[in-house]
Amino acid sequence: VSDVAIVGVGMHPFGRHEGVSGRAQGAYAARQALQDAGIGWTDVQFAFGGSAAAGNADALVADLGLTGIEFVNVINGCATGGSSLAMADRAIRSGAYDVGMAIGFDKHPPGPFNADPATYGLGDWYGETGMMLTTQFFAIKVQRYLHDHDIDPGVLSAIAAKAYRNGALNPNAWRRQPLSAEEIESSTMVSRPLTKYMFCSPAEGAVALVLCRADLAARFTDTPVYLRSCVMRSRRYGTFEVFSPSLAPERTDGPTAHAARDAFEAAGVAPSEVDVAQIQDTESGAELMHMAETGLCEHGEQPDLILSGETEIAGTLPINTDGGCLANGEPIGASGLRQVHENVVQLRGTAGERQVPGNPRVAFTHVYGAPGISACTVLTR
Amino acid sequence: MTSTSSIDVTAADVTAAGGRLIDAALFHVAGDAVALAGSTCTACGAVTFPVQPSCPRCAGDDVESVALPRNGTLWGFTVQAFPPKTPYLRADERPFVPYAVGYVDLDHRVLVETRIVTEDPAALSVGDEMTLVLEELQRDGSGPVLTYAFTPVAAIAPREAS
């Protein structure tokens, strides 16, 4: 069994890029990552990649070189990036390969995602009656969560304001204009209690990571970041997930809680040791709920942490330092890898204006996607 | 639970309206009584909606179709404030009319996701008593297309009294 290191990262800025295909953005990120690792595509022995709306990821071989490698396409909703990385992790950890790539890119049309009921095993009626919307799920989940934990909804705009503040410091982010909590609160209502600026939007962009056996890392970089664990989980009976026509009467822990717990355990790291975290903020409420579901804090503790500034870049628990999904948008294939990219940059100490102070050593990522899947990583220097 | 028999949905209502149910498989019709159709696992008792051929809890494949309770309590909700794209049947509705959606806890056997018929979504709160109704989603060449929905018992009671 080999440990895994990330020795090269590349990213095409997120946002809207007219005239640039998703695949071209993917090739750009791949070349950047290869350059960062000081290798060529011919050195890459395998790849796992995802793209939901910009063609199959493995079409990239036409751009990067027809080298005959094992290149597997991954489709796992908003958790696609996390799943690609999990599979790349296994390929190295198992001893099958020494050097590989996890890559994701996408280019979604403007407007909300429009999911097809049949893709999720649901009848046409679910879409015809106006319930096939992820936005509704997040709104209902946070509405009930605020009720259960007696949390004031005002914290939702504070979370979004932080995202845009951090995005303004990130040259790769889409939304680089800070917004005040008041502007966020008073923007168009999407699904009560969530307004327009509390939601991320489908977007474009690409991220590539070069991974290798940890004992080979010094060949490629002086600043390896170790992938201590990468765990992906799906839903269990009793959880509340997106696109669920019915739920069990009692709630149990969801895929986020299981993936996070297992990732921390596999890494031998406690949530309290995390110096910087990127967690799924499809909307403000998701960040709020995922903070506790991942074990980074207790349920109900979030408003104190957020409103006292502890989740800011200079706080004790910096969250979504690159602006998260809210400021970057969500190109599905790349989104989970963006989080890992940000943590690698933070652990290397090269995050520039948004660098977390104090030489962060332990970093955590979490993605969540339909129909109830989650992937988490623990990274260390 | 409050009885709301006067607005109970009946097969006769559907027929009288000249309408069709959006998906007959969602409904349990016994005589004149219409309810939502769920499935119960004979091994562990888990209930699902809609009917499915095996149990998501214990993976048993011996399930029975059952009529779900018509009354329940509101578990969680939101308001859909922008027009969904097709296949939403009212995707072309102008002006768009926001609608509430949520989950209703049916006797603590199962929580069902549903549209909520209410003129005042801002008045909804967790724990509200809800009852099953049919809602006209669209009117096509052959008459109204009806789906299930729940409505707050409190909202209909005064109208019944008058």
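**How chain B meets chain A**

Modeller: Strand β9 (residues 246-247) of chain A pairs with β8(B) in the antiparallel sense over 2 bridges. This is a predicted model, in which local features need pLDDT of at least 70, side-chain atom pairs count only at pLDDT 80 or more, and totals for chains, interfaces and linings use all residues. Residues are numbered from 1 along each chain as its sequence is written.

Biologist: What makes β9 of chain A and β8(B) a pair?

Modeller: Two strands pair if DSSP finds at least two bridges between them, and here there are 2 bridges. Strands are DSSP runs (E, at least two residues), numbered from the N terminus. L247(A) stands opposite L111(B) in β8(B).

Biologist: How many residues of chain B are in contact with chain A?

Modeller: Contact means heavy atoms within 4.5 Å, and 42 residues of chain B are in contact with 34 residues of chain A.

Biologist: What area do chain B and chain A bury between them?

Modeller: About 3300 Å², 61% of it on carbon and sulfur atoms. Buried area is the accessible area (1.4 Å probe) that two parts lose on being put together, summed over both. W75(B), F82(B) and E113(B) supply 20% of the area that chain B buries against chain A, more than any other three residues.

Biologist: And away from that topic, why does P69(B) count as buried?

Modeller: Buried means under 20% relative accessible area, exposed over 50%, partly exposed in between (1.4 Å probe, protein chains only). P69(B) has 17% relative accessibility, so P69(B) counts as buried. P69(B) lies in the loop between β5 (63-67) and β6 of chain B.

Technical notes
Chains are lettered from A and ligands numbered from 1 in the order in which they are written. Side-chain values use heavy atoms; hydrogens and water are left out. Helices (H or I, at least four residues) and strands (E, at least two) are DSSP runs, numbered from the N terminus.
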